[in-house]
Amino acid sequence: MKKKISAILILAVFLMPLCAYAQNQTLIMYYSKTGKTNIVAEELKALMPDARIVEIKSDIGIMQAVMWQQLFNRNACNEPIAVDIEKYAQVILCSPIWLQKISSPMRTIINTMPLKGKQVQMFVVCAGHFGEGGQKNLKKQLTSKEINLKSLSIIKSGNKTDEEIREQVREQLKN
Ligand SMILES: Cc1cc2nc3c(=O)[nH]c(=O)nc-3n(C[C@H](O)[C@H](O)[C@H](O)COP(=O)(O)O)c2cc1C
């Protein structure tokens, strides 16, 4: 009996810090169609080596994703997404901008994953313009899900080299 109690205590001593560590960890979730958001997410991971990085995938063709899923608010990413989001205190979402909106696979994440009450940082990647209206709509979308938007970073990919994209990410993290 004594041995059993000692074993449980030893296990608890080792497991508790591990659990606390997992809860302080950052989760980076990203979707990328043509690779630019991938660069952003990979740079974030390089700057935060302890973070976990998860790619959201979508088998839906671009036309359908943009026209049907986007316009009619349909789910657009492959499911299930094998990540226990509850474990993470901080979440970073990275997504391209399509027609002044967040891409439909990332919108699916915002709509369906248990992000309520989480501190969320958003990195959106656009060719050159994500206007006030689009930003306002995105913020509204997050507020309606009770997600705490800590920051919104807009990364521009049009005519930029991969290094210039990475540089923008580093700049954003400084601020
Ligand atoms: C259907 C579609 C719509 C887009 N709409 C916009 C837009 O409104 N504003 C903008 O600046 N870029 C727009 N872009 C460009 C993408 O946001 C940009 O190329 C981004 O870097 C793509 O990210 P990815 O390479 O991770 O897929 C659009 C691209 C696509 C495919």
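User: Which residues does Val40 touch, not counting residues up to four places away in sequence?

Analyst: Once those neighbours are set aside, Val40 touches Cys94, Phe123, Val125, Ile155, Ile165 and Val169. Being in contact means that the C-beta atoms of two residues, placed from the backbone, lie within 7 Å. A word on the source: this is a predicted model, where local features need pLDDT of at least 70, side-chain atom pairs count only at pLDDT 80 or more, and totals for chains, interfaces and linings use all residues. Residues are numbered from 1 along each chain as its sequence is written.

User: Why does Val40 count as buried?

Analyst: Val40 has 27 C-beta neighbours inside 10 Å. A residue is called buried with 20 or more other C-beta atoms within 10 Å of its own, exposed with 12 or fewer, and partly exposed in between, all C-beta atoms being placed from the backbone. With 27, Val40 is therefore buried.

User: How many residues are in the largest nonpolar core, and which touch the most other members?

Analyst: There are 34 residues in that core, and Ile28, Met29, Val40, Val91, Leu93, Cys94 and Phe123 touch the most other members. The elements giving two or more residues to the core are β1 (26-30), α2, β3, α4 (104-112), β5 and α6 (162-174). A nonpolar core is a set of buried Ala, Val, Leu, Ile, Met, Phe, Trp, Tyr and Cys residues joined through C-beta atoms within 7 Å.

User: What is the phi of Gln100?

Analyst: Phi of Gln100 is near 65°, a positive value in a residue other than glycine. Most residues other than glycine have a negative phi. Gln100 sits in the loop between β3 and β4 (101-102). Gln100 has 14 C-beta neighbours inside 10 Å, which puts it between the two cut-offs, so it counts as partly exposed.

User: Which residue with a positive phi follows α5?

Analyst: That residue is Glu146, with phi near 60°. Glu146 is in the loop between α5 and β6 (148-156). Its 10 C-beta neighbours inside 10 Å make Glu146 exposed, because 12 or fewer is enough.

User: How do you know what span is expected for helix α5 (residues 132-144)?

Analyst: The expected span is 1.5 Å times one less than the number of residues in the helix. Helix α5 has 13 residues and reaches 18 Å from its first C-alpha to its last, close to the expected 18 Å.

User: How many helices and strands does the protein chain have?

Analyst: The chain has six helices and six strands. Helices (H or I, at least four residues) and strands (E, at least two) are DSSP runs, numbered from the N terminus.

User: Which residues are closest to the ligand?

Analyst: The closest are Ser32, Lys36, Thr37, Pro96 and Cys126, among 19 residues that surround the ligand. A residue is near a molecule or strand if its C-beta atom, placed from the backbone, lies within 6 Å of it. The largest share of this shell, three residues, comes from β3.

User: Where is confidence lowest in the protein chain?

Analyst: Confidence is lowest in helix α1 (residues 2-24), at a mean of 57, and highest in α2, at 98. These values are pLDDT, the predictor's confidence in each residue, from 0 to 100. Where pLDDT is low, the predicted coordinates should not be read in detail. The mean for the protein chain is 88, with 86% of its residues reaching 70 or more.
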